[in-house]
Amino acid sequence: MFSSYDGLCTIGELAEHAGVSVKTVRFYSDRGLLPEASRSAGGHRRYAPEAVERLGMIRSLRGLDVSVPEVRRILDEQDEQDDGAGAGGALADAVAGRLRSLGSELAALRWREAALRLVQESPPAERPGRLRLVGAVAAPPSTASLARFWRSWLPPRMPARSVTAFLEAAVPHPPEDPRPAQVLAFARLHAYVTRPCGSGGGGSCQPRAHGVAGARASAVLYAGLAEAYELAGGELRRGAEPCPGEALDGFVDAYASTYGAHDTSAFRRVLAGRLATDPRIDRYWDLTAEVISDPGGRPEPTPGSAHDWLLAALDTQLGTTAGRGGALDVTSGEGPEVPDRARAVSPR
């Protein structure tokens with residue numbers, strides 16, 4: 001392959017044959033990726049014919065942005081194989097790692113593109129404010145701030161499995177290919193959960209009742225509510241009006257079983273009154289629906305919208321005006337009282 005008497009080549013010949021610069025060959029050689037066969041009497045590097053194929057492998061890997069340490073692991077594995085094929089686990093791991101990184105990079109690019117379109121399409125007077133909003137969100141966006149918000153809101157000492165299950169339902173994942181409106185909604189959601197506790201009329205970060213409910217009782221309650229919300233979500237997707245049924249029964253049973261009460265009409269009346277005065281975080285759920293829904297389409301159900309549907313169904317059954325913005329007289333003494341710790345536990 002080479003013109004020298006011993007079949008070896010100089011660094012210049014190898015660089016010319018591979019179509020790279022001498023500096024590139026020296027770089028890889030100095031890092032141990034391209035071993036020298038020998039040195040000339042004058043101290044010049046000389047390489048064996050297989051260095052051409054090895055250099056081609058290095059260039060291919062680097063062209064895919066595989067890091068130098070990963071390239072070294074792949075080549076070391078290739079050297080250890082008897083047949084020299086070099087198609088082992090190190091190469092597979094490197095390719096998988098690059099695919100994961102590229103996925104994140106593409107997601108970041110799509111997010112930035114949608115954010116730029118949002119600013120571009122906004123009225124001039126609104127552009128500075130929206131730029132500040134979207135600029136406060138990483139690309140691709142992280143849901144860590146939303147998870148922190150809910151961890152401070154949830155009852156303390158809830159089992160980790162229960163907390164994880166709730167976060168999966170309550171924390172929206174940004175779409176992979178977002179529209180400008182979804183970027184704006186997520187940025188507003190991030191701003192909402194990172195504001196100081198109690199600002200904006202939102203009340204305390206942690207409802208008073210959460211300090212009373214025990215960890216086990218809270219886990220039981222939230223598990224029951226999750227099932228009821230899923231059923232109510234199906235009703236919302238069908239466009240059904242709030243009405244009594246399996247979803248409402250599960251909703252009421254979650255409270256009744258957790259607090260040792262019987263599901264009676266009196267219990268339901270008292271529960272409706274108590275839940276009507278719960279602290280609300282409607283803004284969170286409204287923005288969540290905007291994030292996870294296709295712009296212009298029917299809003300996707302959230303635990304918040306499912307909760308409202310169930311309260312309306314309870315009001316419909318009772319024939320009261322309690323619920324969102326309503327009031328209910330619970331001072332008549334009819335039936336058992338709902339314990340105070342049952343208040344404000346639901347994610348509204």
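Tutor: Ser-122 touches Arg-127 and Arg-130, leaving aside residues up to four places away in sequence; a contact here means heavy atoms within 4.5 Å. The model is a predicted one, in which local features need pLDDT of at least 70 and side-chain atom pairs count only at pLDDT 80 or more, while totals for chains, interfaces and linings use all residues. Residues are numbered from 1 along each chain as its sequence is written, and side-chain values use heavy atoms, with hydrogens and water left out.

Ser-122 sits in the loop between helix 5 (89–121) and helix 6 (127–135). Helices are DSSP runs of H or I with at least four residues, strands are runs of E with at least two, and both are numbered from the N terminus. Ser-122 counts as buried because its relative accessibility is 3%. The classes are buried under 20% relative accessible area, exposed over 50% and partly exposed in between, with a 1.4 Å probe and protein chains only.

Burial can be followed in the helices as well. In helix 4 (residues 68–80), the 13 residues reach 18 Å from the first C-alpha to the last, close to the 18 Å expected at 1.5 Å a residue; that expected span is 1.5 Å times one less than the number of residues. Val-68, Val-71, Ile-74, Leu-75 and Gln-78 of helix 4 are buried. They lie on the same side of helix 4 because they cover an arc of only 120 degrees around the axis, the arc being that of the directions from the helix axis to the C-beta atoms. Their cover includes helix 2, helix 3 and helix 5.

Helix 2 (residues 22–30) in turn has Val-25, Tyr-28 and Ser-29 buried. These cover an arc of only 100 degrees around the axis, and so share the same side of helix 2. Among the elements that cover them are helix 1 (11–18), strand 3 (45–47) and helix 3 (50–63).

A further pairing involves helix 11 (residues 246–258) and helix 12 (residues 265–276), whose axes come within 11 Å and cross at roughly 85 degrees. Axes are lines fitted to C-alpha atoms, for helices over the stretch in contact, and angles run from 0 to 180 degrees between N-to-C directions. The two helices are therefore roughly perpendicular to each other, a class that spans 65 to 115 degrees.

Definitions and conventions:
Angles under 35 degrees count as roughly parallel, over 145 as roughly antiparallel, 65 to 115 as roughly perpendicular and the rest as oblique.
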